[in-house]
Amino acid sequence: MGLAVLEEIIDKYIEEQRASARGQRKELLERDLTGTKKLLEHLWTVLVSFEGITLEYEFVGANGERNYIDVYYEPLAIGFECEGFVPHAETITRRRFS
């Protein structure tokens, strides 16, 4: 499969995720997802599908706050993050981000 075809599949998947999202999750999915797209490219090479994957998956942390993980894979209950301060916490302090 060519890269252009994979990019189309990823874009379509992201649009499906956006269409089903509400609230904060929808806002997060409307941002620049360059890093997430790259991560999805790598996951596709392993999974050959996006079945069981949720983008910007909401969970409640140990401190009781709602958090979102970039990519969650439900069959194995694991999450993947595109690391970095700017994409994840540009509106909070670096101390809170850490």
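Biologist: In which strand is Glu56 found?
Modeller: This is a predicted model, where local features need pLDDT of at least 70, side-chain atom pairs count only at pLDDT 80 or more, and totals for chains, interfaces and linings use all residues. Residues are numbered from 1 along each chain as its sequence is written, and side-chain values use heavy atoms, with hydrogens and water left out. Helices (H or I, at least four residues) and strands (E, at least two) are DSSP runs, numbered from the N terminus. Glu56 is in strand β1.

Biologist: Is Glu56 buried or exposed?
Modeller: Glu56 is not a glycine, yet has a positive phi of about 50°. Buried means under 20% relative accessible area, exposed over 50%, and partly exposed in between (1.4 Å probe, protein chains only). At a relative accessible area of 7%, Glu56 is buried.

Biologist: And Val48, buried or exposed?
Modeller: Val48 also has a positive phi of about 50° without being a glycine. Its place is the loop between α3 and β1. With a relative accessible area of 55%, Val48 is exposed.

Biologist: Within what arc do the buried residues of α1 fall?
Modeller: The buried residues of α1 are Leu6, Ile10, Tyr13, Ile14, Gln17 and Arg18. They line one face of the helix, because the arc they fall within, seen down the axis, is 140°. The arc is that of the directions from the helix axis to the C-beta atoms. The value for α1 is 140°.

Biologist: Which elements do the buried residues of α1 pack against?
Modeller: The opposite face carries the exposed residues Ala4, Glu8, Lys12 and Ala19. Contact means heavy atoms within 4.5 Å. The buried residues of α1 pack against α2, α3 and β1.
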